[in-house]
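Work through the exercises below with the sequence and the model open. Try each task before reading its solution.

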Amino acid sequence: MIKDLTAMRMMLIREIVRFTRKPNRTILPSIISAFLYIFAFGYALGSVIPPMGGVRYIEFMLPGIVLMQVIIHAYINPAYSIYSSREDKYIEDPLTTSMRYSSMVIAYVLGGMARGLFMGIIISATTMLLFGIPMYDVPLFMLFMIFTSATFACFGVMLGQWASNIEDVGNVMSYLLSPLLFLGGVFFSIDMVPGEIIRTLSYLDPLTYVVDGFRYSMIGVLRTDPYYCLLAIIICFLITLFLSLRLFKSGYHLKT
């Protein structure tokens, strides 16, 4: 048991070092992009956009920008790490040891969470200080960050194992995560969308409710009961964790 925990700790350290060792390739581009979005759409254009949900537009869009970065980075870290370790064959080393598969999955998930939480805290703290935006509910904010990053880190574990080539990892962001995030109301209230079809798609998008709950925790704008939203993301986490453990244990694309 102690050997297993030690091995898991070493894997987790390696996952954290992966994104901190070369920040100009991993986190800095996204931090700069996020602040450009906030400056262009929130600060500059936002000054002529009417308030949404009773708050300034920059306050309304900020939770969506933060959540987008949390999701993308929690997903990317384990997905690229597992895919690279498969391609370079060094994943065979831990697989041939007595380390449990569940410990390996947890190490990858914690690594993804660390990267997602780091991005979320840096962007939200800096922006809220700069624009004088108070945090509405800190405990709820942290719970949303933790379970959202954990859910998409589990998703990244599965995609890193499933991907047949490096493009598959990026395609999931382009063709799945980005549309779901935009339909989920990252930049606007979905109640103001004129098209009935698009509005219906937004209501069916599970990320709509994650964005709603997260927005309430940050700025207090209530659209959907935040505790139902939190319960939904916890259930999603448990499902994705179970599936990622089962897929990893199956050895799919891991054992040659």
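## Exercise 1: A pair around Glu59

Glu59 is buried, at a relative accessible area of 14%. Buried stands for under 20% relative accessible area, exposed for over 50%, and partly exposed for what lies in between (1.4 Å probe, protein chains only). This is a predicted model: local features need pLDDT of at least 70, side-chain atom pairs count only at pLDDT 80 or more, and totals for chains, interfaces and linings use all residues. Residues are numbered from 1 along each chain as its sequence is written, and side-chain values use heavy atoms, with hydrogens and water left out.

Task: find which residue forms a salt bridge with Glu59.

Solution. 
- Start with the rule: a salt bridge is a side-chain nitrogen of Lys or Arg within 4 Å of a carboxyl oxygen of Asp or Glu.
- Side chains of opposite charge can pair when their charged atoms come close.
- The partner is Arg56, with the closest N and O atoms 2.9 Å apart.
- Arg56 is partly exposed, because its relative accessibility is 41%.

## Exercise 2: A pair within one helix

Task: state how many salt bridges the whole structure has, then explain what separates Glu196 and Arg199 along helix H9.

Solution. 
- The search of the whole structure gives four salt bridges.
- One of them joins the side chains of Glu196 and Arg199, at 3.0 Å from N to O.
- Helices are DSSP runs (H or I, at least four residues), and strands (E, at least two) are too; both are numbered from the N terminus.
- Glu196 and Arg199 are three residues apart in helix H9 (residues 196–204), so about one helical turn separates them.
- Glu196 is exposed at 52% relative accessibility. Arg199 is buried at 17%.

## Exercise 3: The surroundings of Ser81

Task: decide whether Ser81 is buried or exposed, and find which side chain makes a polar contact with the side chain of Ser81.

Solution. 
- Locate Ser81 in helix H4 (residues 57–87).
- Ser81 has a relative accessible area of 1%, so it is buried.
- A polar contact is a pair of N or O atoms within 3.5 Å; within protein, one must be able to donate a hydrogen and the other to accept it, and residues adjacent in sequence count only if both atoms are side-chain atoms.
- The partner side chain is that of Glu15, at 2.8 Å.
- Now follow Glu15. Its side chain also meets that of Arg14 in a salt bridge (3.4 Å, N to O).
- Glu15 is buried at 0% relative accessibility, while Arg14 is partly exposed at 31%.
- Contact means heavy atoms within 4.5 Å. Leaving aside neighbours within four places in sequence, the contacts of Ser81 include Arg14, Glu15, Arg18 and Tyr108.

## Exercise 4: Confidence

Task: name the elements with the lowest and highest mean pLDDT.

Solution. 
- pLDDT is the predictor's confidence in each residue, from 0 to 100.
- The lowest mean, 80, belongs to helix H5 (residues 92–95), and the highest, 96, to helix H7 (residues 138–162).
- The protein chain averages 90, and 100% of the residues score at least 70.
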